[in-house]
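Biologist: Please put the model on the screen, and let us go through it one question at a time.
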Amino acid sequence: MSRMFRLSPALLPVLLAGAMAGCSTTKPTVYQGEEFSDTSTFSHDFATSSSATCEAARRTLLSQGYIIKQAKADLVDGHKHFQPDPDVHVEIEFHVVCAPNDKNGKSTTLFVSATQDRYALKKTNNSASVGLSVLGSVSMPIGSSSDSLVKVASETIPAGLFYDRFFGLIEHYLGLDGGLPVVDFDDKPALPTKPAVKAEQE
């Protein structure tokens, strides 16, 4: 004998609320974290020309072992390779843009973003075709394998101490920290030189 259960009208709103709560547990999309506010800035202002600022950025990257892909008066791109583990490879790529803030070219805003790409070592089994008179050409694994790097992750490094150290070294090359004279680096040394010692007259 079968029994039939009737759903109480009082329980219906509770069940509907539970179903809606289950549907609302989806993760927020990535773009919702883009606030476009000054609190997470990827820029820094310098009281120098755009060409001098980008040249200082180029020297900053070179001093840390980065390979410069292209360098212009208002643009610098560079990258560096890391291998934290035997089977893991990491590449950091810098993109720098120098934008003048006035017509006189005495103030520049430097925009920078660094991307971190992560690669993992993957093994691929190789197969070879073996010709048989009865079956024809048959592809059979011979047992050899080859290793290749496959990109497994990529992200833009968030603003923080990483960029603060970058801006600080640029200020050093621009002389804003008191260590160097502020120059445009046009045929001038990047580091301070000691004044020539005059020979004493007898």
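Biologist: Starting with helix 2, what span should its 14 residues have, and how far apart are its end C-alpha atoms?

Modeller: Helices (H or I, at least four residues) and strands (E, at least two) are DSSP runs, numbered from the N terminus, and the expected span of a helix is 1.5 Å times one less than its number of residues. For the 14 residues of helix 2 this gives 20 Å, which agrees with the distance between its end C-alpha atoms, 20 Å.

Biologist: Before we go on, what kind of model is this, and how are residues numbered?

Modeller: It is a predicted model, in which local features need pLDDT of at least 70 and side-chain atom pairs count only at pLDDT 80 or more, while totals for chains, interfaces and linings use all residues. Side-chain values use heavy atoms, with hydrogens and water left out, and residues are numbered from 1 along each chain as its sequence is written.

Biologist: How many residues of helix 2 are buried?

Modeller: Buried means under 20% relative accessible area, exposed over 50% and partly exposed in between, with a 1.4 Å probe and protein chains only. Among the buried residues of helix 2 are Ser50, Glu55, Arg59 and Leu61. Helix 2 is largely enclosed by the rest of the structure, because the buried residues number 10 of the 14.

Biologist: Which residues does isoleucine 170 contact, leaving aside neighbours within four places in sequence?

Modeller: Contact means heavy atoms within 4.5 Å. With those neighbours left aside, the partners of isoleucine 170 are Phe46, Ala56, Ala57, Thr60 and Leu110.

Biologist: Is alanine 114 buried or exposed?

Modeller: Alanine 114 lies in strand 5, and its contacts beyond four places in sequence include Phe94, Ile157 and Tyr163. Isoleucine 92, 22 residues away in sequence, is 6.5 Å from alanine 114, C-alpha to C-alpha. Because its relative accessibility is 0%, alanine 114 counts as buried.
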